[in-house]
Amino acid sequence: MKEKVLYISDRPSMGADMLIKSLNDTFEISPARSNDEFNYIPQITLVNLAGIENLERLKTFANTKIFLLGTQAEIANANFPGAEAFVRPFNANEIREKLSGLNKEAAESQKTLLLVDDDAVMIRTLREGLSTSYKVLPANSGANALKILARAKPDLILLDYEMPEMNGPQVLETLRANPDTAKIPVMFLTAKTDAGSIEQIEALKPEGHMLKTLPLKEIKEIIQKFFDA
């Protein structure tokens, strides 16, 4: 599967567009404009400075490595802290090698999530959305989650609170009773919003809990804040 790269360009630009076309054989390029709303942002973002409309907004992007594409003057005027740059005329082979190396490093350093939910749609939706930033191990039941934990140690478990046969609290109790899994952090996923249910969840002292109805962007922000803490 090709690694994903976000390409932000607000107007056609022969040099940058030709570069992106040449990179299509190695990467899955997702084109966008600087004012678009993004469901996810890959590990690498390329920004064509020619005619860019909202560069300031891009400076707020987190958890992505940004590369500017432009002339020496455009790059100097961008004043974009933390970004690296590729200067015209572009060398596609050098850029491909650079981005491939970064993707490899990012994959090796990615945190691993164990996603436990009996709802197949929820599993698919979260797995697709979170796999752009994390390694995601899916489990459709508490029993399957325990089998996975026998061979893998995730950095965080996202655990459905309500499941048949073995619910979230029972899974958490089992984890805490085992020295090998007792210290793995757990966040509950729940559809409950009433005060009584929230009190019951918090009484179990998980690392946190999230509503299943939250937008994917907010779920990712909560997870990232946990890892950044």
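A polar contact is a pair of N or O atoms within 3.5 Å; within protein, one must be able to donate a hydrogen and the other to accept it. The model on your screen is predicted.

**The whole chain**

Start with everything shown. The chain holds nine helices and 10 strands. Its C-alpha trace spans about 60 × 35 × 30 Å along the principal axes. Of the 229 residues, 44% are buried. Now look at contacts between residues at least 6 apart in sequence: 54% of them join residues at least 24 apart.

**Serine 34**

Select serine 34. It sits in the loop between β2 (27-32) and β3 (44-48). Is serine 34 buried or exposed? Its relative accessibility is 0%, so serine 34 counts as buried, the limit being under 20%.

Next, show the side chain of aspartate 10. A polar contact of 2.7 Å links the side chains of aspartate 10 and serine 34. The backbone nitrogen of asparagine 54 is 3.1 Å from a polar atom of the serine 34 side chain. Leave out residues up to four places away in sequence, and serine 34 touches Ile8, Asp10, Ile52, Glu53, Asn54, Arg57 and Leu58.

**The largest nonpolar core**

Select Leu114, Val116, Ile157 and Leu159. These are the residues with the most contacts inside the largest nonpolar core, which has 19 residues. Which elements give two or more residues to this core? Colour β6 (112-116), α6 (142-149), β8 (156-160), α7 (168-177), β9 (186-190) and α8 (195-203) to see them.

Zoom in on valine 116. Set aside its neighbours within four places in sequence. Valine 116 is then in contact with Ala139, Ser141, Gly142, Ala145, Ile157, Leu158, Leu159, Asp160 and Met163.

Now move to a second, separate core. This one has 17 residues, including Leu23, Ile29, Phe86 and Ile95.

**A cis peptide bond**

Select arginine 88 and proline 89. The peptide bond from arginine 88 to proline 89 is cis, with omega near -5°. Proline 89 belongs to the loop between β5 (84-87) and α4 (92-109).

Go to asparagine 79. You will find it in the loop between α3 (72-78) and β5. Asparagine 79 has a relative accessible area of 58%; the cut-off is over 50%, so it is exposed.

Jump to lysine 205. Its place is the loop between α8 and β10 (208-211). Phi of lysine 205 is near 55°, again a positive value in a residue other than glycine. Lysine 205 counts as exposed too, at 64% relative accessibility.

**The largest pocket**

For the last stop, select Ile41, Ala62, Asn63, Lys217 and Glu221. Of the 18 residues that line the largest pocket, these are the closest to its centre. How much space lies in the largest pocket? The pocket holds about 540 Å³.

Colour helix α9 (residues 216-228). Helix α9 gives the most to the lining of this pocket, with six residues. Finally, colour the lining by residue type. The lining divides into six nonpolar, five polar and seven charged residues.

Note on methods. Residues numbered from 1 in each chain as written. Predicted model: local features only at pLDDT ≥ 70, side-chain atom pairs only at ≥ 80, totals over all residues. Heavy atoms only, no water. Core = buried A, V, L, I, M, F, W, Y, C linked by side-chain atoms within 4.5 Å. Buried < 20%, exposed > 50% of the residue type's maximum accessible area, 1.4 Å probe, protein only. Helix = DSSP H or I, 4+ residues; strand = E, 2+ residues; numbered from the N terminus. Contact = heavy atoms within 4.5 Å. 1 Å grid on protein atoms, 1.4 Å probe; cavity = no way out; pocket = protein on both sides within 12 Å on 5 of 7 lines; lining within 4 Å. Points joined across faces, edges and corners; volume = space filled by probe spheres on them. Nonpolar A, V, L, I, M, F, W, Y, C, P; charged D, E, K, R; others polar.
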